[in-house]
Amino acid sequence: MDAQSEHRAEALRAFVSRHPDGWHHGDWERLVGELRGRGLLPDGQEDLLGKELERERVRQILESLEVPGLGPKRREAVAEAFGHVWKLRNASVEDVVSLPTISRRIAADLVAALR
């Protein structure tokens, strides 16, 4: 990851940490303006930014749950597969267990922790 990408990722982690329950449109606009001002958001990449924010929110939620066996690599796989908190919270055990390296026990524990 290049320096610019790392700075952007840090800004997104910080934003999501400050808004654990989601964000409003005004919050979003301020973030976009901040990132543009720092040269971290090229024109036309707002949709991509939204997806990155949601994946980061999923990662942070997964980390806070402390599900046994769901380490950083598996959390990343779950975040990439579901990409949005709503999708993850509405996933079944079968949906989660279909991911590589996710056992039925981990999937069941994760689904239970999310509910």
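Select Leu-88 to begin: leaving aside residues up to four places away in sequence, Leu-88 touches Val-58, Leu-62, Val-78, Phe-82, Leu-110 and Leu-114, where contact means heavy atoms within 4.5 Å. The structure is a predicted model, in which local features need pLDDT of at least 70 and side-chain atom pairs count only at pLDDT 80 or more, while totals for chains, interfaces and linings use all residues. Residues are numbered from 1 along each chain as its sequence is written, and side-chain values use heavy atoms, with hydrogens and water left out.

**The nonpolar cores**

Next, select Leu-70, Val-78, Leu-88, Val-96, Ile-102 and Leu-110, which touch the most other members among the 19 residues of the largest nonpolar core. Such a core is a set of buried Ala, Val, Leu, Ile, Met, Phe, Trp, Tyr and Cys residues joined through side-chain atoms within 4.5 Å. Buried means under 20% relative accessible area, exposed over 50%, and partly exposed in between (1.4 Å probe, protein chains only). Two or more residues of this core come from each of α3, α4, α5 and α7; the largest share, five residues, is that of α7. Helices (H or I, at least four residues) and strands (E, at least two) are DSSP runs numbered from the N terminus. A second, separate core has twelve residues, including Leu-12, Leu-35, Leu-49 and Leu-53.

**Helix α7**

Display residues 104–114, helix α7, and colour its buried residues: Ile-106, Ala-107, Leu-110, Val-111 and Leu-114. They lie on the same side of α7 because they cover an arc of only 130 degrees around the axis, the arc being that of the directions from the helix axis to the C-beta atoms. An α-helix has 3.6 residues a turn, so residues three or four places apart point the same way. To see what covers these buried residues, show elements including α3 (46–65), α4 (72–82), α5 (85–89) and α6 (93–97).

Within α7, centre on Val-111, which is buried at a relative accessible area of 8%. Beyond residues up to four places away in sequence, Val-111 touches Ala-91, Ser-92, Val-93 and Val-96. A distance drawn from Val-111 to Glu-94, 17 residues apart along the chain, gives 9.9 Å between C-alpha atoms.

**Where α3 meets α7**

At what angle do α3 and α7 pack? The angle is about 100 degrees, and the axes are 11 Å apart; axes are lines fitted to C-alpha atoms, for helices over the stretch in contact, and angles run from 0 to 180 degrees between N-to-C directions. The two helices α3 and α7 are therefore roughly perpendicular, a term for angles of 65 to 115 degrees. Select Ile-61, Leu-62 and Leu-65 of α3 together with Leu-110, Ala-113 and Leu-114 of α7, which make the contact.

**Phe-82 in α4**

Move to Phe-82, in helix α4. Phe-82 is buried, at 13% relative accessibility. Its contacts, not counting residues up to four places away in sequence, are Lys-87, Leu-88, Ala-91, Asp-95, Val-96 and Leu-99.

**Two loop residues**

Finish in the loops. Most residues other than glycine have a negative phi, and most peptide bonds are trans. Glu-66, in the loop between α3 and α4, has a positive phi of about 55 degrees although it is not a glycine. Glu-66 is exposed, with a relative accessible area of 67%. Thr-101, in the loop between α6 and α7, is not a glycine either and has a positive phi of about 70 degrees. At 54% relative accessibility, Thr-101 is exposed.

Methods:
Parallel < 35°, antiparallel > 145°, perpendicular 65-115°, else oblique.
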